[in-house]
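Opening the notebook on a new structure today. I'll go through it piece by piece and jot down what I look up.

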Amino acid sequence: MLDVILKRFETPDETRVFPRGRFALIRIGSMTIGHAAYEPGWCWSVDVGAALGQTSCQVEHTGLVLSGSCTAAMDTGVVHIMKAGDLFYIAPGHDSWVVGNEPYISLHFEGAEAYAQEK
């Protein structure tokens, strides 16, 4: 039995790469944790959803913004801006894009396994 497992996002278990971004995954214990890194100009519906044939992300997310700013643009028309230090929950049915000229970095504690994957 292992007492401690140490992993780092520099050597993830899996990396999903798409235009202007990447999503690294670490599987540890019973969790899959994601590390999102998006460049300025990144937009989910253009850079991820288009390749999946989707216009709206249907993954539920819970996470923490480490740096930069990004939107959570709900299908209802409500747009929220998330910035460094924000813990977030985003329900299915949203788009997202980087705000400003700084890269956006976040950790995802829920929804990482299903993110940017074909159903």
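Predicted model: local features only at pLDDT ≥ 70, side-chain atom pairs only at ≥ 80, totals over all residues.

**Helix α1, both sides**

I started on the outward side of α1, where V46, A50 and A51 are exposed. My cut-offs: buried is under 20% relative accessible area, exposed is over 50%, and partly exposed is in between, with a 1.4 Å probe and protein chains only. Residues are numbered from 1 along each chain as its sequence is written, and side-chain values use heavy atoms, leaving out hydrogens and water.

Helix α1 covers residues 44-52, and W44, D47, V48 and G49 are buried in it. Looking down the axis of α1, I find its buried residues within an arc of 155°, so they line one face of the helix. That arc is taken from the directions from the helix axis to the C-beta atoms. Helices (H or I, at least four residues) and strands (E, at least two) are DSSP runs, numbered from the N terminus.

What do the buried residues of α1 pack against? They pack against β1 (14-18) and β8 (94-95), with contact meaning heavy atoms within 4.5 Å. Just after α1, I noted that G53 has a positive phi of about 75°.

**The core**

Next I looked up the largest nonpolar core, which has 22 residues. The term covers a set of buried Ala, Val, Leu, Ile, Met, Phe, Trp, Tyr and Cys residues joined through side-chain atoms within 4.5 Å. F18, F23, Y38, W42, M82, Y104 and Y115 have the most contacts inside this core. Two or more residues come from each of β2 (21-28), β3 (31-38), α1, β5 (69-74) and β7 (87-90). The largest share is from β5, with three residues. In soluble globular proteins, nonpolar side chains tend to be buried together.

I then picked Y104 and skipped its neighbours within four places in sequence. Its contacts include A36, A37, Y38, V65, M82, F88 and V98.

T71 sits in strand β5. Is T71 buried or exposed? T71 is buried, at a relative accessible area of 3%. Beyond four places in sequence, T71 is in contact with V79, H80, I81, M82, D95, S96, W97 and V99.

I met some of those names again at the surface: V79, I81, W97 and V99 form a nonpolar patch with about 330 Å² of accessible area together. Patches take residues with over 30% relative accessible area and no salt bridge, joining like charges within 9 Å and nonpolar side chains (Val, Leu, Ile, Met, Phe, Trp, Tyr) within 5 Å. The areas are Shrake-Rupley values with a 1.4 Å probe, and for residues, only the protein chains shown count as cover. V79 belongs to strand β6 (residues 79-83) and is partly exposed at 46%.

**Salt bridges**

How many salt bridges does a search of the whole structure find? It finds seven, each one a side-chain nitrogen of Lys or Arg within 4 Å of a carboxyl oxygen of Asp or Glu.

- K7 pairs with D13, the closest N and O atoms being 2.9 Å apart. K7 is partly exposed at 36%, and D13 is partly exposed at 39%.
- D47 pairs with R20, the closest N and O atoms being 3.0 Å apart. This pair links distant parts of the chain, 27 residues apart, with D47 in helix α1 and R20 in the loop between β1 and β2. D47 is buried at 5%, whereas R20 is partly exposed at 40%.
- R27 meets E113 at 3.0 Å, N to O. R27 lies in strand β2 and E113 in the segment after β10 (104-110), so the pair ties together parts that are 86 residues apart in sequence. R27 is partly exposed at 31%, and E113 is partly exposed at 37%.

I also logged a network of salt bridges linking E14, R16, R27 and E113.

L87 is in strand β7 and counts as exposed, at 67% relative accessibility. Not counting residues up to four places away in sequence, L87 touches G63 and L64. L87 and T76 are 11 residues apart along the chain, and their C-alpha atoms are separated by 21 Å.
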